[in-house]
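Morning, everyone. Please have the sequence and the model open, and stop me if you lose the residue I am talking about.

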Amino acid sequence: MILKTKNVLYLALALAVSSCNMQNAPKEEVAKEESNVETEIPADVVDHLGITNVDSLSAATKRALKWPRDLGNEWFIQFGPLQPLKGDLAYEEGVVRRDPSAMIKENGKYYVWYSRSTGPSQGFGGDVEKDKVFPWDRCDIWYATSEDGITWKEEGMAVGRGEKGSYDDRSVFTVEIMKHEDKYYLCYQTVKSPYSVRVKNQVGLAWANSPDGPWTKSEEPILSPADNGIWEGEEQNRFMVKKKGDFDSHKVHDPCIIPYKGKFYLYYKGEQMGEAITFGGRQIRHGVAIADNPLGPYIKSPYNPISNSGHEICVWPYNGGIAALITTDGPEKNTIQWSPDGINFEIMSVIPGVDAHAIGLNRTSDNEKEPTEILRWGLSHVYNSWNYQSIMSFTSQRKKQHVAKGAKGTKK
Ligand code: AAL
């Protein structure tokens, strides 16, 4: 049975869903369809969505009618509480360890890289030449190994800050690892001193033939903010601008490189000069820059920004495309999204509040087994205090049913 509704808007949605067919239709036919007020919603869809009257569709129902028909609950997960790590990565007063990279397995052990600094932060009220302004200021990149992912041995520094005057002389932090063809690449944020609130943040790269180094650093940053914003006045105030510029006019952060379709996709978080608070929180969006070679040059995609929400980058390959966990900021926070091409992301699930921030994915997992398999366990960090953070482990599970105690959980 087919039910008929008079609703132009719904037709527009249906047209969007069947855009492939319509793209090939002659213009007159499209116009005829667009002006035709009578369209059809299959009876099983009416039943599935519980629509009372097909001639009176609320805005919410119109959105529901847009959802892909074949989408089940396979992208829907819940995170468990974070758990502390043991050994050298257990919380240590006076030491900042945060923003873990993904884990890879080498020489029979998991490896992780992270930002490490010591001592409290003073903020921006004093002398930014001398003070430590953030917990992630005055960091170096350190690494640790583990046999089980829980008890870790800190191995030492992998990549340190550059010499005075270099683009990375103040802090190197928020690192990601990529292994490609038996070579190892660390990409990370960099700041040149002085670390004022208006300082631009860039991305650096280091490479090695072994996960234990030695690491060679790029002489120049591999990614920089867009230079089309204009500050207003000299005051150290990052909200005062004459022009905001692109979504990444102030900072390029949280870099993560993924080999994809024969190229290298560098995903990153952009921060904009004159950042606003919107209806979803901070105005944070993600971008991608693409290179033919792991060392670059990385060219920003003209489609940037590729998200309207999010914070730290958490991306993985799945089913020929790229999936992303979007957390913390923006109207689409707490969603998992997927793109068939690494650029055009759609929401696949909305998940309960995510405590696991700055996720270090377990790249040894079978990420093709199911969409969220890579999120079963991994690393994250926690604020033990404003001054000190430590690395923690997270788990997540798929939620497949919602059943009362003692009741049967599945259909016969
Ligand atoms: C994190 C990341 C970047 C920021 C700071 C340290 O969550 O987004 O790394 O610079 O906070």
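This is a predicted model: local features need pLDDT of at least 70, side-chain atom pairs count only at pLDDT 80 or more; totals for chains, interfaces and linings use all residues.

Residue numbers start from 1 along the chain as its sequence is written.

I have picked the second largest pocket, which has a volume of about 460 Å³. Which residues are the closest to its centre? They are Trp 136, Lys 269, Glu 271, Arg 282 and His 311, out of 27 residues that line this pocket. As for strands, β11, β17, β18 and β27 each give at least two residues to the lining of the second largest pocket. If you want to find them, β11 is 171–180, β17 is 251–260, β18 is 263–271 and β27 is 377–383. How many residues of each class are in the lining of the second largest pocket? There are nine nonpolar, nine polar and nine charged residues.

Now keep two of those central residues in view. Lys 269 and Glu 271 form a salt bridge, with their closest N and O atoms 3.0 Å apart. Are these two buried or exposed? Lys 269 has a relative accessibility of 4%, so it counts as buried. Glu 271 is at 3%, so it counts as buried as well. The pair also belongs to a network: salt bridges with shared partners join Arg 238, Lys 251, Asp 254, Lys 269, Glu 271, Glu 275 and Arg 282.

Where is it? Glu 275 sits in the loop between β18 and β19, the latter being 277–278. Although it is in a loop, Glu 275 counts as buried because its relative accessibility is 6%, and the cut-off for buried is under 20%. Its side chain makes a polar contact of 2.8 Å with the side chain of Arg 282. Leaving out residues up to four places away in sequence, Glu 275 touches Arg 238, Phe 239, Arg 282, Gln 283 and Ile 284.

Over the whole structure, a search finds 22 salt bridges. Here are two further ones. Lys 130 and Asp 127 meet through their side chains, at 3.6 Å from N to O. In that pair Lys 130 is exposed, at 67% relative accessible area, while Asp 127 is partly exposed, at 33%. The other joins Lys 153 to Glu 155, where the closest N and O atoms are 3.2 Å apart. Lys 153, at 46% relative accessibility, counts as partly exposed, and so does Glu 155, at 29%.

On to the backbone. Where are the cis peptide bonds I want you to look at? One joins Ser 193 and Pro 194, with omega about 0°. Pro 194 is placed in the loop between β12 (183–191) and β13 (202–208). Another cis bond joins Gly 296 and Pro 297, with omega about 5°. Pro 297 is in the loop between β21 (285–291) and β22 (299–300).

Then there are positive phi values in residues other than glycine. Arg 138 has phi near 55°, and its place is the loop between β8 (109–118) and β9 (140–146). Arg 138 is partly exposed, at 24% relative accessibility. Glu 181 has phi near 45° and lies in the loop between β11 and β12. Glu 181 is exposed, with a relative accessible area of 69%.

Last, the cavities. Rolling a probe the size of a water molecule over the atoms shows where empty space is left. How many cavities of 30 Å³ or more does the search find? It finds three. The largest cavity holds about 110 Å³ of space. Among the residues that line it are Asp 99, Glu 176, Asp 254 and Glu 312. Strands β11 and β17 each supply at least two residues of that lining. By class, the lining of the largest cavity has seven nonpolar, one polar and four charged residues.

The second largest cavity holds about 60 Å³. Its lining includes Tyr 267, His 286, Ile 313 and Phe 345. Here the classes are seven nonpolar, three polar and no charged residues.

That is the end of my part.

Methods:
Side-chain values use heavy atoms; hydrogens and water are left out. On a 1 Å grid over the protein atoms alone, a cavity is a set of points where a 1.4 Å probe fits but cannot get out, and a pocket is an open set with protein on both sides within 12 Å along at least five of seven lines; lining residues have an atom within 4 Å of a point. Grid points are joined across faces, edges and corners, and a volume is the space filled by probe spheres set on the points. Helices (H or I, at least four residues) and strands (E, at least two) are DSSP runs, numbered from the N terminus. Ala, Val, Leu, Ile, Met, Phe, Trp, Tyr, Cys and Pro count as nonpolar, Asp, Glu, Lys and Arg as charged, and the others, Gly among them, as polar. A salt bridge is a side-chain nitrogen of Lys or Arg within 4 Å of a carboxyl oxygen of Asp or Glu. Buried means under 20% relative accessible area, exposed over 50%, partly exposed in between (1.4 Å probe, protein chains only). A polar contact is a pair of N or O atoms within 3.5 Å; within protein, one must be able to donate a hydrogen and the other to accept it, and residues adjacent in sequence count only if both atoms are side-chain atoms. Contact means heavy atoms within 4.5 Å.
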